[in-house]
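Biologist: Please show me the complex, and then let us go through its chains and contacts.

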Amino acid sequence: MSKTKNFAVVLSAVVLVCCGALILGQKVNAAGEGKITGTVKLDGTAPHMKGIDMGKDPFCSKAHATDPGKMETYVVGSGGGLENVVLYITEGLTGPAASQTATTEPVFDQKNCMYTPHVLALDVDQKFKVTTSDQTTHNIHPLPNPMTGNIPWNQSQPPGAAPVEKSWKAPEVIPVQCNIHPWMHGWFVVVKGPYATSDSNGAYTINNVPPGSYTVTAWHEAAGTQTQKVTVAAGGSGSANFTFKAK
Amino acid sequence: MRVSSYSRLRDVSYFGSLVLFAVTVMLACSPRANALPAFARKYGLRCSACHESWPMLNYFGQKFKDNGYQLMNDRDAPIWQNPSYWPVTFRITPIWHRVSTGKVMVDTYGSNGAGGSVVTGSTLQRVSNSGFDISGLDFHTGGTLEKNISFYVLPSSNNAAQFHFETVMGRLDNLFGSSWLNVKLGKFELDNLLSEKRILTLTGNGGIYQLYHFRPQGDGNVFGQMGDNQLGLEVMGHSWNDRTRYSAALLSSVDGQVGLPYGSNAYSGFFTFSQAFDTGKAGVQRIGAYAFVGEAPTNWLTQTGPNGATVIPGAVGNKSFSREGFVGQFYFGQHVDLQVVTQHGQDSVWFGQGYGDFIDGVASGNNTTGTTLAAGAQAPSWNGVLVEPHYIYSPQLIFIGRFETIRMSQQSTPGTASNFGNISTYTIGYRYNPFMTSRAGFAWHNEYNWLHQDGTAPDGTNLNTSELLMGFDFDF
Amino acid sequence: MQRNNLRKWSSVFGAAAVVAFAMPSSAQQTKYDFETRMNIESHVGNITGHAKDAKPDYRRYCVGCHGELGDGNGENFPWVDPKPRNFQLGVFKCRSTPTGTLPTDQDLFDSIGRGFDRSNMPQWSTFTKQERTDLVAWVKHFSPRWVGEKPGTPITIPPEPEVTPERIKAGREVFARVQCWKCHGVLGQGDGPSAATLTDDLGRPIAPFNFAEGARPKCGDTDKDIYRIFMTGLDGTPMPSFADNIKPDEAWDLVFYLRTLMSQHSKEKAMAKQLGLKPVDPNAPAGQQ
């Protein structure tokens with residue numbers, strides 16, 4: 001069997017599973033779900049992000065030879081869109097929407113000695129994978145507060161290591177770091193219920209929101225949190241735009 | 001040096017009662033030792049980690065001491081300490097006490113017919129004195145000079161700030177990497193499991209273990225005092241967790257008096273062994289035995305000097321003595337324990353007849369060529385037991401009780417009443433530490449002691465002495 | 001430069017902590033919470049430990065560092081380094097269980113008796129087994145984790161093979177492949193390129209183990225202990241678990257190689273000398289280091 005064929009098989013399997021999950025999800029959910037959309041912007045000029053000296057690890061510095069790494073605290077797109085903001089519902093969720101767990105399995109990759117994505121939003125108990133694309137050893141070390149029920153762990157991922165599959169038990173903003181590469185910092189933002197993460201333009205869409213009135217919270221690692229009231233009609237869409245000030 | 005007051009009660013006079021009082025005070029204030037907040041500061045451990053109640057050691061503290069003041073980790077050597085760390089501790093005790101002695105010979109007065117008074121005679125009566133006082137001051141410094149090389153130096157004063165060296169010793173620990181071999185040289189405390197230097201009581205008679213100082217009435221052997229620090233060399237060893245331990249010490253028979261006594265070649269040995277047992281909830285029980293055997297001089301090259309004068313012991317005339325017994329440390333959970341020491345003691349007949357005793361310069365007999373013993377004189381022997389229960393309410397509050405009794409089994413001089421010089425004593429007290437940290441020690445101390453001696457009053461009847469003491473005992 | 005980044009990050013983390021605390025279920029522990037867990041038991045061998053029986057011992061021996069509330073905030077907290085363990089978090093370095101899981105009672109029992117070299121925790125070898133088991137239960141009662149969660153399953157350690165020069169060489173390969181030297185340095189002297197910036201889970205600086213200085217590894221110095229250390233990781237520290245990336249047989253090879261880095265005399269050290277083994281070369285291409 002050729003490699004491409006192999007890939008095709010795997011791909012179709014994945015697609016099938018995904019479709020199945022979607023269909024199942026649809027069945028569980030009440031009909032007429034809406035969504036919440038909007039844009040997150042950063043007011044004023046984007047703060048300067050410092051460059052990162054990766055000189056201590058030849059692999060990392062080589063990977064960034066043409067594109068020097070820099071901090072990702074504020075990633076601002078054209079038009080002031082703020083990336084890496086997690087939007088989730090803090091009030092108003094009831095019934096299945098509040099209790100069901102997202103079935104997708106997002107990937108948190110260590111690539112060129114940075115975390116991709118920098119912020120990974122997750123539902124409680126949602127499985128996710130930590131992978132490495134690098135030819136250097138990382139240790140993946142999330143630092144939750146154990147009092148919340150989330151337990152810290154610390155695993156190594158040398159080059160070619162198999163993915164680590166994990167989930168979190170409780171809502172919490174969990175910093176994650178690589179001790180070997182001290183500039184590597186990311187976030188697992190674990191929330192209960194539907195969520196979205198703003199893209200490079202600052203746009204987001206929270207899907208699978210049943211009709212009702214909600215409080216939407218926008219979280220940014222440095223700029224803090226904001227909330228807004230949103231009403232979603234059956235099958236319709238609510239809108240909430242946020243503007244953060246850089247701190 | 002520690003001299004028990006009862007042996008001084010024979011020639012009581014007006015002056016004598018003053019001496020009695022002074023001796024009592026001296027005893028109450030004589031150096032007792034080794035609670036070392038410097039160690040607590042060095043290791044960040046509270047007093048209670050090493051002390052059942054300071055200064056008395058618990059098992060963990062005993063192990064620390066046996067390892068040469070080391071926890072056996074990298075924090076032991078001073079090179080790993082903060083350079084400003086300086087291992088010095090002081091201890092002092094301001095007190096109020098009331099001492100009451102039955103049957104002290106005092107003067108009686110009559111009129112001289114001219115408005116004054118004259119001494120008309122003397123009579124026996126109880127004398128009670130009370131007042132405020134302080135103890136002497138102890139400066140402890142001890143610890144490690146390097147990993148596995150330990151030291152302890154203790155300049156100690158009486159309450160008039162006259163200093164002497166109570167302890168000076170260096171110790172090589174864990175020789176050849178073995179905890180079974182440690183060597184100590186200098187002036188140090190004998191390896192008594194129940195240490196008098198770490199006694200929990202402070203009164204004149206209750207602040208010492210009578211068993212560790214006992215001599216029959218009229219006995220001339222000042223040595224054989226297990227409670228006093230001695231000059232010598234000790235080899236000590238223990239299992240890694242201190243469950244099994246032994247020690248053997250070779251001592252100069254000079255009762256810790258410094259300055260080589262000319263011509264004295266008298267040595268003694270002190271040997272101990274103990275084994276501890278894990279008994280689950282009850283705790284770790286320890287039983288052991290000790291033997292103190294040796295010789296001390298009875299012959300002097302010079303005549304008996306006045307009090308304090310130098311007398312030179314001769315090369316011949318060393319006579320033997322022995323003290324041996326069992327020690328038990330029994331724990332009944334984390335609140336109650338019982339410490340027990342027994343003793344069988346025997347002195348050479350020469351000591352029994354008053355020969356020896358050069359140390360305070362009042363050797364009562366000189367065993368010169370041709371000296372003969374009185375007809376029928378025998379070697380005195382006795383048996384004693386010490387029982388000390390503790391109730392530990394918390395590491396900050398301990399209640400202490402003690403009962404000691406010592407019974408003569410053979411008097412030296414025939415015809416002496418068989419109970420002459422017997423001692424019974426009770427002590428009760430408590431120590432309360434209002435705080436417990438790893439920086440300093442402070443205890444409110446309250447204690448009562450009652451001591452009974454058979455036949456030692458000036459009129460040959462029994463003598464009872466009591467003392468009530470309260471005060472602050474603190475160190476830093 | 002790097003230092004600046006760190007400072008920046010620490011402020012960001014501070015903000016995160018505020019956010020984290022604003023979220024529900026990060027409960028503050030009180031004495032009342034402890035009371036409700038006072039019936040926690042521990043089992044070591046055939047001994048059953050009871051938390052309540054250990055209270056006087058804890059107060060006598062432990063409280064100065066670990067604190068009344070078991071939060072590691074005793075009076076010595078500011079002065080000792082490493083800091084006393086916070087029992088409320090239920091996170092422990094020395095485990096026989098995988099990273100992110102609770103240690104077994106035996107693990108805690110061993111830790112109390114062994115103490116931690118290069119810390120203020122002495123060897124509490126004077127307790128009876130019963131007292132030590134009671135203390136294990138007491139340690140557990142500070143953390144709610146022991147109510148809902150079971151200890152992890154101890155990792156399986158195959159019997160120790162015979163040391164051979166080949167195994168030592170293979171261990172060196174593992175050392176190079178998983179890049180132990182990043183923190184521990186090529187000579188194991190704790191001076192790897194990442195050593196200077198390491199912090200523990202609470203952001204306090206922490207140094208990687210220096211094999212060459214003659215110290216005892218924190219979680220025991222038998223071959224088995226060393227095997228366990230890198231296969232379970234030391235939770236709460238930067239030392240990760242290598243369980244997914246080192247096979248059991250390779251792990252023994254690595255243990256043997258680590259022995260050659262230690263200053264203590266060992267068979268392995270002698271063999272390495274005979275082999276003329278060179279330290280790994282991080283700059284050589286992969287596979288030839």
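This is a predicted model: local features need pLDDT of at least 70, side-chain atom pairs count only at pLDDT 80 or more; totals for chains, interfaces and linings use all residues.

Modeller: Residues are numbered from 1 along each chain as its sequence is written, while chains are lettered from A and ligands numbered from 1 in the order in which they are written.

Biologist: What ipTM does the predictor give the complex?

Modeller: The pTM of the complex is 0.86. The ipTM from the predictor is 0.85.

Biologist: Which element supplies the largest share of the side of chain A that touches chain C?

Modeller: The contact joins 44 residues of chain A to 43 residues of chain C. On the side of chain A, β7 (138–142), β8 (155–157), β10 (172–177) and β15 (224–232) each supply at least two residues; strands here are DSSP runs (E, at least two residues), numbered from the N terminus. The largest share, 3 residues, comes from β10(A).

Biologist: Which element supplies the largest share of the side of chain B that touches chain C?

Modeller: Here 27 residues of chain B meet 23 residues of chain C. Two helices (DSSP runs of H or I, at least four residues), α3 (47–50) and α4 (59–66) of chain B, each supply at least two residues of the chain B side. The largest share, 3 residues, is from α4(B).

Biologist: How far apart do the C-alpha centres of the two domains of chain C lie?

Modeller: Chain C is divided into domain 1 (29–148) and domain 2 (165–275), with bounds from an automatic or database domain assignment. In the contact between them, 15 residues of domain 1 of chain C meet 15 residues of domain 2 of chain C. The centres lie 27 Å apart.

Biologist: Which residues does L211(B) touch?

Modeller: L211(B) is among the residues with the most contacts inside the largest nonpolar core, which has 69 residues. Such a core is a set of buried Ala, Val, Leu, Ile, Met, Phe, Trp, Tyr and Cys residues joined through C-beta atoms within 7 Å, buried meaning that 20 or more other C-beta atoms lie within 10 Å of the residue's own. Not counting residues up to four places away in sequence, L211(B) touches V341(B), Q343(B), G384(B), L386(B), E404(B) and I406(B).

Definitions and conventions
A residue is buried if 20 or more other C-beta atoms lie within 10 Å of its own, exposed if 12 or fewer, and partly exposed in between; C-beta atoms are placed from the backbone. Two residues are in contact if their C-beta atoms, placed from the backbone, lie within 7 Å.
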